[in-house]
Amino acid sequence: MGGCVNTIRPVSAPTVLIMAAGQGSRMKSAVPKVLHPVCGRAMVSWPIEAARKAGAGRIAVIVSPDRDISGALPEEIEVVPQEVADGTGGAVRAAREVVEASETVLVLSGDVPLVSAQMIADLLAAHANSGAAATLVSAILDDPGSYGRIVRDADSLEVEKIVETKAAGDASAAELEIREINAGIYVFEATALAAALDRITNDNAQGEYYLPDVLGPIRAAGGKVMPFVSADPNVILGINDRVDLATVEAEARRQILERHMRGGATIVDPATTYIEVEAEIGSDVRIEPGCTLIGACRVGDGCVVGPHTTLIDAELGNEVTVPHSYLVECSVADRCSVGPFAYLRPKARLEEGAKAGTFVEIKNSTVGAGSKVPHLSYIGDADIGEGTNLGAATITANYDGFVKNRTKIGRNVRTGVDTTLIAPVEVGDEAYTGAGSVIAEDVPAGSLALTRSEQVEIEGYAARKVAKHEGTKKENKDR
């Protein structure tokens, strides 16, 4: 859980402030806006992760006391409350102690998640090389909409000011024609920022303190304000409502798929493939159409996933095939085969070369190396040795109405079709069970266990049954 700021410490690496105090009312949600997931990662965690990868030192998230998100933040992330909802400038003013304890301050927004670590690193390098007191990210758009416009100086090199366009009266007609917009990402020399924060006002149509207003005082004090034009306009994609969320998530998903394809995976149909950001995929993997990878999935080299397979926090070794199946919080070792239409539930473990076949469900069980559960079976709370083959419709009856009991099946066991194993029970190595058996007692190694009743033939049964049926029909008709 993030903690409130209560210490001041100088840092050499850039300090990062992430503004996340917006009320997010347009999301129409009980969940704070910045905690809504974007491809499996909370919205605010995207800029946090990008800042970390770019080498940030201290990271503080500015939050609203009315929308507490501290419990969702990593432990080392500081939390700064913005007691009054008075704009972006007010947010940074709330973090004054953090600013004054820093050398360089990077300001990001918690609802603008597509900023990358590479862009942050390039921005910091450009800022350092230019000797600017402030550097801001800009983008050039064909339709700048309601974004703040960047007004450059007479030489068109430095930034003179940023004009907000949210309300009538803040921007002139000429300023509204400007296509270079403010992305809301800034780097400041901390001393220049701290001094400028005292000189901004809320004398505007919104009655808020605008962070871009610090640029005027910085320039007046002799500081240089430089633009950093982003080649990727997606860095300015912010989220205000669920339509925006869908737009940003679609772009994030595109980037994720592209990263995996460039890393050596074949994604046959990106339009029908959903992969969340934490997934790791090896080389020469083939993802067939209709697949979904949720959470921290791990897919080894040479796997074939799908078509129409869902993995949730699942781990696949190398050269695993998984068509038309659903795997949750399980692990599958190298060269295993799963499916089609298999369901591996939490704590299922397939050792090397094992098979879970068609319409097989496995939970909290280990299937030994080379063992097979080919079809139509349920294996729960069981340990299966190497080289075992379970016949069709093998069932472990693991629940006695009060507790789950385990079944232990040894090496090289062969169960006949339609075997039910009533736990707790143990089947020894190289044992057999006969088809249709209900096994409630331990089976010694090398034995054959049978529980069939004696077969009885009743001659003439079919003819008598037909005659009885015809007689019943006649009686009903006569009535």
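Which residue takes a positive phi in the hairpin of S9 and S10? The legends below begin with that hairpin.

View 1. The model is predicted, so local features need pLDDT of at least 70 and side-chain atom pairs count only at pLDDT 80 or more, while totals for chains, interfaces and linings use all residues. Residues are numbered from 1 along each chain as its sequence is written, and side-chain values use heavy atoms, with hydrogens and water left out. Strand S9 (residues 149-152) pairs with strand S10 (residues 159-163) in the antiparallel sense over 4 bridges, where strands (E, at least two residues) and helices (H or I, at least four) are DSSP runs numbered from the N terminus, and two strands pair if DSSP finds at least two bridges between them. Arg-149 stands opposite Val-163 in S10. The hairpin has 6 residues between its strands, and Ser-156 is the residue that takes a positive phi, near 60°.

**View 2. The open parallel sheet.** Strand S21 (residues 315-316) and strand S24 (residues 331-332) run parallel and are joined by 2 bridges, with Glu-315 opposite Ser-331 in S24.

**View 3. The salt bridge of Lys-33 and Asp-111.** The structure holds 23 salt bridges, each a side-chain nitrogen of Lys or Arg within 4 Å of a carboxyl oxygen of Asp or Glu. In the one between Lys-33 and Asp-111, the closest N and O atoms are 2.8 Å apart. Lys-33 lies in the loop between strand S2 (15-20) and strand S3 (37-38), and Asp-111 in the loop between strand S7 (104-109) and helix H4 (117-130), so the pair ties together parts that are 78 residues apart in sequence. Lys-33 is buried, with a relative accessible area of 8%, and Asp-111 is buried at 19%; buried means under 20% relative accessible area, exposed over 50%, and partly exposed in between (1.4 Å probe, protein chains only).

View 4. A search of the whole structure finds 0 disulfides, a disulfide being a pair of cysteine sulfur atoms within 2.5 Å. The sulfur of Cys-297 is 8.9 Å from the closest cysteine sulfur, in Cys-330, which is too far for a bond, and Cys-297 is buried, with a relative accessible area of 0%.
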